[in-house]
Amino acid sequence: MYHCGVPKLTTTNHDAVRFGAILRRLRVERGWTIVIAAQRCGMNPNYLGSLEKGGNMPSVDTLLELADVYGVNASDIVREVEEARREARRERAAAVIANTPPVE
C-alpha cells in the first residue's frame, strides 16, 4: 500500500532523521520488529526501515497511518520533531556565540 519505490534522499535531512528516531522509538516501545510494524501499517519493511534511518521524509498520509497504528497523535510526533529542531538551533546558536570573539 505505501511507498516502496520512493527514492531515498540524497542529502541528510535532519528533520527526516528526527522523524526516523521517533518512529523507531515508538516501534521498539511496542516490542515490534520492523516486519511486524510494516505489516500493521500496510507498507514495505524496507521503506519503513528507510524512514527510521532518516533516508526518507514521511508523507502526511504515511505519518497519519503510522500514528494511527502506533496509537499516538500525528501532531505529537510533529511536535517532538519541532522541539528537537528548536533545541538543535539553540545549540548551534550557543556554539556560534561561544566562538565569537568579544567586541572591543
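These legends walk through several close-up views of a predicted model.

Local features are described where pLDDT is at least 70, side-chain atom pairs count only at pLDDT 80 or more, and totals for chains, interfaces and linings use all residues. Residues are numbered from 1 along each chain as its sequence is written, and side-chain values use heavy atoms, with hydrogens and water left out.

**View 1**
Of the 104 residues in the chain, 34% are buried; buried means under 20% relative accessible area, exposed over 50%, and partly exposed in between, with a 1.4 Å probe and protein chains only. The chain exposes about 6700 Å², with carbon and sulfur atoms supplying 55% of that area; accessible areas come from the Shrake-Rupley method with a 1.4 Å probe, and for residues only the protein chains shown count as cover. Taking contacts between residues at least 6 apart in sequence, 67% join residues at least 24 apart (contact means heavy atoms within 4.5 Å).

**View 1. The largest nonpolar core.**
This core holds 20 residues, and those touching the most other members are Leu23, Met43, Leu48, Leu51, Leu66, Tyr70 and Ile77. Two or more residues come from each of H1, helix H2 (34–41), helix H3 (45–52), H4 and H5. The largest share, five residues, belongs to H4. A nonpolar core here is a set of buried Ala, Val, Leu, Ile, Met, Phe, Trp, Tyr and Cys residues joined through side-chain atoms within 4.5 Å. In soluble globular proteins, nonpolar side chains tend to be buried together.
Look next at Tyr70: leaving aside neighbours within four places in sequence, Tyr70 is in contact with Leu23, Leu26, Arg27, Arg30, Trp32, Ala37, Leu48 and Glu52.

**View 2. The packing of H2 on H3.**
The axes of H2 and H3 lie 9 Å apart, and the two helices pack at an angle of about 110°. Axes are lines fitted to C-alpha atoms, for helices over the stretch in contact, and angles run from 0 to 180 degrees between N-to-C directions. H2 and H3 are therefore roughly perpendicular to each other, a label given to angles of 65 to 115 degrees, while those under 35 count as roughly parallel, over 145 as roughly antiparallel and the rest as oblique. On the H2 side, Ile34, Val35, Ala37 and Ala38 meet Pro45, Leu48, Gly49 and Glu52 of H3.
H3 is mostly covered, with six of its eight residues buried: Tyr47, Leu48, Gly49, Ser50, Leu51 and Glu52. The buried residues of H3 pack against H1, H2 and H4.

**View 3. Helix H5 and its buried residues.**
H5 takes in residues 74–98, 25 residues in total, and reaches 36 Å from its first C-alpha to its last, close to the 36 Å expected at 1.5 Å a residue. The expected span of a helix is 1.5 Å times one less than its number of residues. Within H5, Ala74, Ile77, Val81 and Ala88 are buried. The helices that the buried residues of H5 pack against are H1 (14–29) and H4 (60–70).

Ala67 sits in helix H4 and is buried, with a relative accessible area of 2%. Beyond its neighbours within four places in sequence, Ala67 is in contact with Val72, Asn73, Ala74 and Ile77. Ala67 and Leu26 are 41 residues apart along the chain, with their C-alpha atoms separated by 9.3 Å.
Leu63 is also found in helix H4, buried at a relative accessible area of 10%. Not counting residues up to four places away in sequence, Leu63 touches Phe19, Pro58, Ala74, Ile77 and Val78.
Ala74, in helix H5, counts as buried at 16% relative accessibility. Leaving aside neighbours within four places in sequence, Ala74 is in contact with Leu63, Leu64 and Ala67.

Key
Helices (H or I, at least four residues) and strands (E, at least two) are DSSP runs, numbered from the N terminus.
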